[in-house]
Amino acid sequence: MAAAAREEEASTAARSRQEEEGEEEAMAVLDFDMLCASVALAAERRKDSAAAAAAVATVEAGGGGGVQRMWEGDVVLDCLEDRRIALEAACCPCYRFGKNMRRANLGSCFLQAMVYFISLVAILVSLIAFSVTRHNIYLYMGLSSVLLIAIYTGYFRRRIRKQFNIRGTDSSLDDCVLHLICPCCTLCQEARTLEINNVQCGIWHGRGDTICLGSNGEGNKAFAALHKSSFVPIKSPELCGMDRTSNGANEHEPLVPSAQPEQ
């Protein structure tokens, strides 16, 4: 009997150990599954955060997503809409080009202005040399300089269109032709678009974020013309016919009596 009891106790202890080992294995598998689920959830959150950050960066960069924007005014017909911009583009186009590039975050104002200025000087020197010497080589050099400056400015006009999703053709030839035929008017259109929409460091803030203080802010005239404030006082509407008596009483007496002041 004692031997049988000892065997039964040994078998019971063996079964309990097996059960404990099975529970430990099950807990280990469960812990591993939870660990895998936690890692997958963390990876999914990081992926969503990266996608959201990329979307915010795209919006802040002025890409505009699917929003189709347009140039402010026509190239030729509206070139004198802002007299200050028109005067800068006509008298000092290199300075106006540099300011446009700085607003669009496409380069330093000084460097871009210097590139434009050097191209203009090369054209002027070539024409003067041709008029003095009558050598065709100087004429060819002048024409080449004109084409180079048109290609250079047209390239950056296309970059502005792509950066801010401005409506236009997919061909860069139109942008180069505009800068070749009427460079001053084209610079005016680009400057109006960037200033009226308050583009700063390559970020398109839009018309609603434009703040005009004083008379020296860029684009303030155009913004004030588009957002005129009303000075007409707003009156409360008259009492309608339903509020008046209709059975022989005074027609000017309102049907609803006025509230009496509290004592």
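Residues are numbered from 1 along each chain as its sequence is written. In this predicted model, local features need pLDDT of at least 70, side-chain atom pairs count only at pLDDT 80 or more, and totals for chains, interfaces and linings use all residues, while side-chain values use heavy atoms, with hydrogens and water left out.

**Exercise 1. Check the span of helix H7 (residues 183–196).**

Step 1. Helices (H or I, at least four residues) and strands (E, at least two) are DSSP runs, numbered from the N terminus.
Step 2. The expected span is 1.5 Å times one less than the number of residues.
Step 3. Look just past the helix: Asn198 takes a positive phi of about 55°.

**Exercise 2. Decide how far H7 is enclosed by the rest of the structure.**

Step 1. Buried means under 20% relative accessible area, exposed over 50%, and partly exposed in between (1.4 Å probe, protein chains only).
Step 2. In H7, 12 of the 14 residues are buried. Among them are Cys185, Leu187, Arg192 and Ile196.
Step 3. H7 is therefore largely enclosed by the rest of the structure.

**Exercise 3. Describe how helix H5 (residues 136–164) and helix H6 (residues 173–181) cross.**

Step 1. Axes are lines fitted to C-alpha atoms, for helices over the stretch in contact, and angles run from 0 to 180 degrees between N-to-C directions.
Step 2. The two axes come within 7 Å and cross at roughly 130°.
Step 3. Under 35 degrees counts as roughly parallel, over 145 as roughly antiparallel, 65 to 115 as roughly perpendicular, and the rest as oblique. H5 and H6 are therefore oblique to each other.
Step 4. Contact means heavy atoms within 4.5 Å. Residues of H5 including Val146, Gly154 and Arg161 meet residues of H6 including Asp175 and Leu178.
Step 5. Take Arg161 of H5. At 5% relative accessibility, Arg161 counts as buried. Not counting residues up to four places away in sequence, Arg161 touches Trp71, Ile166, Arg167, Gly168, Thr169, Ser171 and Asp175.

**Exercise 4. Find what the buried residues of helix H3 pack against.**

Step 1. H3 covers residues 93–103, and nine of its 11 residues are buried, so H3 is largely enclosed by the rest of the structure.
Step 2. The buried residues include Pro93, Phe97 and Met101.
Step 3. They pack against helix H2 (83–91), helix H4 (109–133), H5, H7 and strand E1 (199–200).
Step 4. Just after H3, Asn105 takes a positive phi of about 60°.
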